[in-house]
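I opened my notebook beside the viewer today and jotted down what I looked up.

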Amino acid sequence: MDPTTPTAPAVKSRKPRAELVLESGLFHSRWLMAPFYIGLVLALALLLFVFAKKLFLAIPTVGSMNAEEAIMLVLSLIDMSLAGNLLLIVIFSGYENFVSKIDTANHEDRPSWMGTVDFSGLKMKLIASIVAISAISLLRAFMQLSEGQGIEERSLFWLVVIHLTFVGSGVLLALMDWLASKVDRH
């Protein structure tokens, strides 16, 4: 830069120093969330361990499984996979929305939704994952019933009620987000 070129003067804030210090402290407090996301990464590793253990223990019994047992195994593995996906969505979106942007330097494997999922989108992805997990649990219960395994009518009732509650919550959240998008912002 040419030493004779005038530089723009620094803009002085009109806020009192105490207010600036407080706001800076509040802004930097977002880093208190980072350990939560590290904990969720550890939970993802634990889920991977349980997934691998279930799969490893099932391999020797594959030859003697009937179709229903194989489907139950697959549903359990899908259930854990959906839970893992849910954890990743919360980790990536939560960290990027509330702590700091993740600099992946345009890595080719960067998910397209990363950095674009706002809090509203995160809620919708969260409820959609919960509904899918709930549906798999309900399907697993119905599979047990079709195999003639005893399942309490009360348990089945509550599985259906809980699933419908999740579905209804998802619809209401989507409706609230849609209505909020129609309101003029000021």
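**Ground rules.** I am working with a predicted model, where local features need pLDDT of at least 70, side-chain atom pairs count only at pLDDT 80 or more, and totals for chains, interfaces and linings use all residues. Residues are numbered from 1 along each chain as its sequence is written, and side-chain values use heavy atoms, with hydrogens and water left out.

**The whole fold.** I looked up the elements and found five helices and zero strands. Both kinds of element are DSSP runs numbered from the N terminus (helices are H or I with at least four residues, strands are E with at least two). From the N terminus on, the order reads α-α-α-α-α. Next I checked burial: 19% of the 186 residues are buried. Here buried means under 20% relative accessible area, exposed means over 50%, and partly exposed lies in between, with a 1.4 Å probe and protein chains only. I also looked at contacts, meaning heavy atoms within 4.5 Å. Of those with a separation of 6 or more, 67% join residues 24 or more positions apart.

**Helix α2.** This helix runs over residues 34-58. I counted 25 residues in α2, and its reach from first C-alpha to last is 36 Å, close to the 36 Å expected at 1.5 Å a residue. The expected span is 1.5 Å times one less than the number of residues. Its buried residues are Ala-34, Tyr-37 and Ala-58, and what covers the buried residues of α2 includes α3.

**Helix α3.** I followed α3 along residues 67-98, which makes 32 residues and a reach of 45 Å from first C-alpha to last, close to the expected 46 Å. At its N-terminal end I found a cap: a side-chain oxygen of Asn-66 lies 2.8 Å from the backbone nitrogen of Glu-69.

**Helix α5.** I then checked residues 153-182, the 30 residues of α5, which should span 44 Å at 1.5 Å a residue; the end C-alpha atoms are 44 Å apart, which agrees. The buried residues of α5 are Leu-156, His-163, Gly-170 and Asp-177. I see these buried residues packing against α4.

**How the helices pair.** Two packed helices are described by the angle between their axes and the distance between the axes. The axes are lines fitted to C-alpha atoms, for helices over the stretch in contact, and angles run from 0 to 180 degrees between N-to-C directions. Under 35 degrees counts as roughly parallel, over 145 as roughly antiparallel, 65 to 115 as roughly perpendicular, and the rest as oblique.

- For α2 and α3, I noted axes that come within 10 Å and cross at roughly 165 degrees, so the two are roughly antiparallel.
- For α3 and α4, I noted an angle of about 165 degrees with the axes 10 Å apart, so this pair is roughly antiparallel too.
- For α4 and α5, I noted axes that come within 9 Å and cross at roughly 160 degrees, so these are roughly antiparallel.

A crossing is left-handed if the near helix is turned anticlockwise from the far one by less than a right angle, and right-handed if clockwise. The crossing is left-handed for α2 and α3, for α3 and α4, and for α4 and α5.

**Ser-137.** I asked myself which helix holds Ser-137. Ser-137 lies in α4, residues 119-146. Ser-137 is partly exposed, because its relative accessible area is 24%. Leaving aside neighbours within four places in sequence, Ser-137 is in contact with Asp-79 and Leu-159. I also noted Leu-75, 62 residues away from Ser-137 in sequence and 8.3 Å away in space, C-alpha to C-alpha.

**Met-114.** Is Met-114 buried or exposed? I found Met-114 in the loop between α3 and α4, and Met-114 counts as buried because its relative accessible area is 7%. Beyond neighbours within four places in sequence, Met-114 is in contact with Phe-92, Glu-96 and Ile-102.

Terms used. Polar contact = N/O pair within 3.5 Å; in protein donor to acceptor, adjacent residues only side chain to side chain.
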